[in-house]
Amino acid sequence: MERTYSTSAFKTKELILVALFTALSAVGAFIRIPLPMIPFSMQNLFTTLSGLLLGSYLGSVAVALYVILGLIGLPIFTQGGGIGYVLKPSFGYLLGFILGAWITGKLRERASKNDFKSILLANAAGMASIYVIGVGYYYVLSTFLLGQPLGAKVLLVNFVLMTLPGDVVKCFVVTALGKKLLPVLK
């Protein structure tokens with residue numbers, strides 16, 4: 001049964017889990033492999049896990065809180081923090097993390113059972129939304145604001161093909177973790 005939320009209806013357990021996944025998202029920014037155009041980090045592992053375990057609402061709240069904390073100046077993004085981060089072409093991925101957590105959570109909530117396939121599909125859909133928002137934002141900002149248009153080949157190679165194998169692995173890791181942790185959190 002899906003729970004409805006009002007601004008004062010959070011339970012202590014929910015507040016702790018939101019804070020935990022906000023912190024894990026920040027930690028994930030610093031577990032990274034530098035790539036030429038955009039760093040490959042573990043953020044999306046934790047943001048996807050947030051949606052999977054906390055559900056669409058609390059998962060996206062946890063990730064949105066992470067983004068807000070970074071925008072107000074805490075250096076918790078892969079390249080720092082502050083409001084000026086919205087002008088970085090990679091900021092779209094941060095927005096994608098919020099949507100990705102929501103989509104992952106919503107699909108898991110609507111699934112008739114928490115089997116491996118259902119969880120994996122929810123994770124993959126959440127990850128796909130991160131790519132759509134992230135690559136789209138990167139393209140628009142680079143082309144129209146920075147005046148440095150990127151071709152489809154550059155976008156595909158640098159922002160999809162270079163990171164996709166690792167993100168597929170992350171989907172399976174999140175699925176395995178979710179399969180073990182979902183019964184514990186219920």
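Modeller: First, a term: buried means under 20% relative accessible area, exposed means over 50%, and partly exposed lies in between (1.4 Å probe, protein chains only). This is a predicted model, where local features need pLDDT of at least 70, side-chain atom pairs count only at pLDDT 80 or more, and totals for chains, interfaces and linings use all residues. Residues are numbered from 1 along each chain as its sequence is written, and side-chain values use heavy atoms, with hydrogens and water left out.

Now the pairs. The structure holds 2 salt bridges (a side-chain nitrogen of Lys or Arg within 4 Å of a carboxyl oxygen of Asp or Glu). Side chains of opposite charge can pair when their charged atoms come close.

Start with K170 and D167. Their salt bridge has an N to O distance of 3.0 Å. Both residues are buried. They are separated by about one helical turn because they sit 3 residues apart in helix α6. (Helices are DSSP runs of H or I, at least four residues, numbered from the N terminus.)

Next, K106 and E109. Here the closest N and O atoms are 3.6 Å apart. This pair lies in helix α3, again 3 residues apart, about one turn of the helix. K106 counts as buried because its relative accessibility is 15%. E109 has 27%, so it counts as partly exposed.

Look along helix α3, residues 91-110, and you find Y93. Y93 is buried because its relative accessible area is 11%. N44 is 49 residues away from Y93 along the chain, yet their C-alpha atoms are separated by 9.0 Å.

Back to helix α6, residues 164-185. It gives 3 residues, the largest share, to a nonpolar patch. F116, L164, V168 and F172 make this surface patch of about 330 Å². (Patch residues have over 30% relative accessible area and no salt bridge; nonpolar side chains, meaning Val, Leu, Ile, Met, Phe, Trp and Tyr, are joined within 5 Å, and like charges within 9 Å. Areas come from the Shrake-Rupley method with a 1.4 Å probe.) F172 lies in helix α6. At 42% relative accessible area, F172 is therefore partly exposed.

Last, the record. An unreviewed UniProt entry places "transmembrane region" at several spans, including 90-107 and 155-177. Such annotations may be inferred rather than shown by experiment. In the model, residues 90-107 are 94% helix and 0% strand, with end C-alpha atoms 26 Å apart. Residues 155-177 are 91% helix and 0% strand, and their end C-alpha atoms lie 31 Å apart.

Note on methods
Helices (H or I, at least four residues) and strands (E, at least two) are DSSP runs, numbered from the N terminus.
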